[in-house]
Amino acid sequence: MRFHRKIFLTVALTIVGISIVFITLTHFIVKSSIEAGIHEARKKEVAFLSSELSDYYLVHNQSWEEIDQIDLLQDVDRESPSLLVLDNDKREIFNQGDAPLKLITRLGVRNDIVINEKKVGQFIYYDPEVANSNKIMIGIPVSVVLALIGSGSLLIIIALFIAYQLSRWLASPLKVLLPSIERLGKGELGVQADVNMNDEYGKIANAFNRMSTELKQAEDVRRNLTADIAHELRTPLTIVGGKLDYLQQQGQPIQPETLLPIQDELIRLNRLVEDLRTLSLAEAGKLTLNKKATNLADLVQRIRLAIEPLADEKDISIQCEVHAGQTTLSVDPSRIKQVLFNLLTNAIRYTPSQGTVQIRLLNDSQHSLKIVVQDSGIGIAPEHIPHLFDRFYRADEARTRDGGGTGLGLAIAKQFVLSHQGTIEVESSLDQGTRFIIQLPY
Ligand SMILES: Nc1ncnc2c1ncn2[C@@H]1O[C@H](COP(=O)(O)OP(=O)(O)OP(=O)(O)O)[C@@H](O)[C@H]1O
Ligand SMILES: [Mg+2]
C-alpha cells in the first residue's frame, strides 16, 4: 500500500473511531441521567411498592402465591396507577390497574425487588403522568444522538479531507526522492535528489545525495585503480618481453650479464605485487601486527645506518635528534620500520645533492610520540598535497618514474600508521622542503 494511503487510512479510522465512541458515550450519559430523573419523580411510590412487595414475599414463605388477592395501589395517591410484577424469569406474576401491558412495559418505572442483596423479582409502576414525561424524555437522547451524528458526519468529512491533503503533503518529498533511489539502485551512481527542505526529509535527501556521490567516487577510484595496476604492470612486462625477443633473434648463447636488466624488471614487478597485497590487506583491516615494546630511538638509528649508503651517493647528510624521554612504544617494529624507510627513501630521492634529511623524535603530548621526517628537497606543490597518500599518486609523473617510484610508498605508510591508531600529516613548500609528521599513541 502506498505511504500516503496508509497515513490517510490511519487518520480516517482514528477519526471515525473517536466519533463513534463519543456519540455512544453521550447517548449513554444522557439516557441514564434522564432515567434517574424519572425515578426521582416517583421515588415515594417506588419505595412504598418495593417495601410492600418485599414484605409480602417474606411473609408468604418466599413465594408470590396469591398475590393477586391484595390491592397495593389503593394507597398510591396518583391518578389511575398501574402495577406489573415479574419474577426472576421475567414471567408476569401480577398485573393491577387499567393500563395496557404494552404501555406499562414501555413507559413505566422499573425497579428490582431485592431481599438480603438477592434479586427476587421486578416491578414496573405506571401512571399516565409518568408515561407522558417518559415519552418526552425518551425523545431527548434520540434527538441528541441524531444531532451528534449529523454534526459529527460533517466534521468527519472535513477531517477526512484535511487528512487526505496532509497525507499527500507528507508523502510528496518521498515521491521526489524515490525515482533517484531507484536510479541509484539501477547503477546510476552519483545521481542527486532535488529536495530543498530543512526538515527531516531534507536531511534524508542530503544523506542520500552524499552517499550517492561517495559511491561514485569509490567506483571511480576502483576503475582508476585497475587502470593504474594495468599501467604499472605493462612497462616491466614490455621491457622483459622486448629483451627476450631480442635475445631469441640473436640466436647466440646468452651471457649472464645480459639477463641483469630482465632480473631488475622482475624484481620491480615482484615488489609491486607485494606492495599491492600488503596495501589491500591493510585497507581491509586484515593486516596482522606483531606488536612488542620497541624503542623507537634505537629503531631510527638502525634505519639510518641502513639507508646511509643511499644518502652518501647524493652527498646528503642524515641527522637524528631525540627530544623525547619516553621513546618505547608497543608497535610492530617491521611495519614502523617500513613506514620510516618509505619516508626516508622519498626524502633522499626528492632532495638534491648536498641537502639534509632530519629525523626527530618529540613528545609534545603525554599520549603520543611524534616522529618528524624533514628534508630540504624540492617540496610538493599545494595542489598535490590532498592526493599524496592515494595509491599510485605521483606529484611529478615524468620525474618520479625515472627514479623508479610506483606511487605506493606513502599509501602503504599511511595504512601502517592507521593500523597503529596513529596519524600521518604532511607540510611542504616548493623548493624549501617537506616535513612528514607521524603521531603514534603510547
Ligand atoms: N619528501 C618528498 N619531497 C617531494 N616530493 C615527495 C616527497 N615524498 C613524496 N613525494 C611525492 O609524492 C609522490 C608519492 O610518493 P610515494 O612514496 O607514495 O611514491 P613514490 O616514491 O613515487 O613511489 P614508491 O614509494 O612506491 O617507490 C612521489 O611520487 C613524489 O612526487
Ligand atoms: Mg616513495
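Reader: Leaving aside its neighbours within four places in sequence, with which residues is Asp98 in contact?
Author: In this predicted model, Asp98 lies in the loop between E2 and helix H3 (101-107). The C-alpha atoms of Asp98 and Leu83 are separated by 9.2 Å, although these two residues are 15 residues apart along the chain. Once the neighbours within four places in sequence are set aside, the residues in contact with Asp98 are Ser80 and Ser82.

Reader: Which strands stand at the edges of the open sheet, each with a single partner strand?
Author: The open sheet is formed by four strands in the order E2-E1-E4-E3, with antiparallel pairing. One side of each edge strand is left without a neighbour in the sheet, because each has a single partner, and these strands are E2 (92-96) and E3 (109-115).

Reader: How many bridges join strand E1 to strand E4?
Author: Strand E1 (residues 82-87) and strand E4 (residues 118-126) run antiparallel, and Asp87 stands opposite Gly121 in E4. The number of bridges that join E1 to E4 is six.

Reader: Which elements give two or more residues to the shell around ligand 1?
Author: Ligand 1 is surrounded by 23 residues, of which the closest are Tyr350, Ala395, Gly405, Gly409 and Leu410. The elements that give two or more residues to this shell are helix H8 (333-349) and helix H10 (409-419).

Technical notes:
Residues are numbered from 1 along each chain as its sequence is written. Chains are lettered from A and ligands numbered from 1 in the order in which they are written. This is a predicted model: local features need pLDDT of at least 70, side-chain atom pairs count only at pLDDT 80 or more; totals for chains, interfaces and linings use all residues. A residue is near a molecule or strand if its C-beta atom, placed from the backbone, lies within 6 Å of it. Two strands pair if DSSP finds at least two bridges between them. Two residues are in contact if their C-beta atoms, placed from the backbone, lie within 7 Å.
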